[in-house]
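Have the sequence and the 3D view open while you read.

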Amino acid sequence: GFSLVEVLIALIVMSVGMLGIAGLYVQSMQAGRSSMLRHHAVNLAGDIADRIRANPTAAGAYTAAAGANNNCVAQNIDCTIAEMAANDIFLWQQQANDFLPPMGDGSQQVIVAFNAGTPPSYQITVRWDEPTPDGQVPQYSITVPVNPFYEHATMTHNHTQNLQRQAGLTLVELMVALAIGSFLIIGAVQIYNQSRQAFVVN
């Protein structure tokens, strides 16, 4: 049988292995959580960028620290540019609170900086509270250029015409694709028939 020393050595080796497995499991859980939080931050920054592009003449209105629920979305309310910006700020701050851990010092999770250059641009930074090896606050930043001369009225005026042009182009492309596909199918059928006849002859 096994001696007591051999049993103790086996237990020690197994314990070290179990500790290693437990450590790997904890690290994988932490990595999965960090990946999920970064995924939420990227999605939130993309949503903020889309909202800013939809309201390009708001300029510095998006740099405000606090927003307001002006019910500008799906409420049939004609909001001004500033009211829309405040409503967007309110919505993305709400999303940040729902999907990202709040900052330990109570600071803003979403920081938007406006650069009145040519073209104007916004620096969007999304932060969240999470322990990191270097002690740095994890964050995700993107730069969004906008065109302040873009007018919503022009877009509405040309919307139908653009859709008609796109529909025509799409129809032509579809016909070309069908023609190419038909030629390929005919060629494949001919190759198959020839190979089958050659096989029968042999």
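Three strands line up here: 3 strands form an open sheet in the order 1-2-3, with antiparallel pairing. Strand 1 and strand 3 are the edge strands, since each of them pairs on one side only. Direction ignored, neighbouring strands of this sheet are turned by 15° against each other on average. Helix 1 (residues 4-54) packs on the sheet and touches strand 1, strand 2 and strand 3, and its direction makes about 20° with that of strand 3.

**Ground rules**
- This is a predicted model, where local features need pLDDT of at least 70 and side-chain atom pairs count only at pLDDT 80 or more, while totals for chains, interfaces and linings use all residues.
- Residues are numbered from 1 along each chain as its sequence is written, and side-chain values use heavy atoms, with hydrogens and water left out.
- Helices (H or I, at least four residues) and strands (E, at least two) are DSSP runs, numbered from the N terminus.
- Two strands pair if DSSP finds at least two bridges between them.
- Angles run from 0 to 180 degrees between N-to-C directions, using axes that are lines fitted to C-alpha atoms, for helices over the stretch in contact.

**How the strands pair**
- Strands of a sheet pair through backbone hydrogen bonds, either parallel or antiparallel.
- Strand 1 (residues 110-115) pairs with strand 2 in the antiparallel sense over 6 bridges, and a hairpin of 5 residues joins the two.
- Look for Ala113, whose bridge partner in strand 2 is Gln123.
- On to strand 3 (residues 139-145): 7 bridges join strand 2 to strand 3, and they run antiparallel.
- In strand 3, Tyr140 is the bridge partner of Val126, and Pro145 is that of Ser121.

**Strand 2 and Thr125**
- Strand 2 (residues 121-127) is largely enclosed by the rest of the structure, because 6 of its 7 residues are buried.
- Buried means under 20% relative accessible area, exposed over 50%, and partly exposed in between (1.4 Å probe, protein chains only).
- Thr125 sits in strand 2, and its 12% relative accessibility is why Thr125 counts as buried.
- Leaving out residues up to four places away in sequence, Thr125 touches Gln109, Val110, Ile111, Gln139, Tyr140 and Ser141; contact means heavy atoms within 4.5 Å.
- The side chain of Thr125 also makes a polar contact with the side chain of Ser141 (3.0 Å).
- A polar contact is a pair of N or O atoms within 3.5 Å; within protein, one must be able to donate a hydrogen and the other to accept it, and residues adjacent in sequence count only if both atoms are side-chain atoms.
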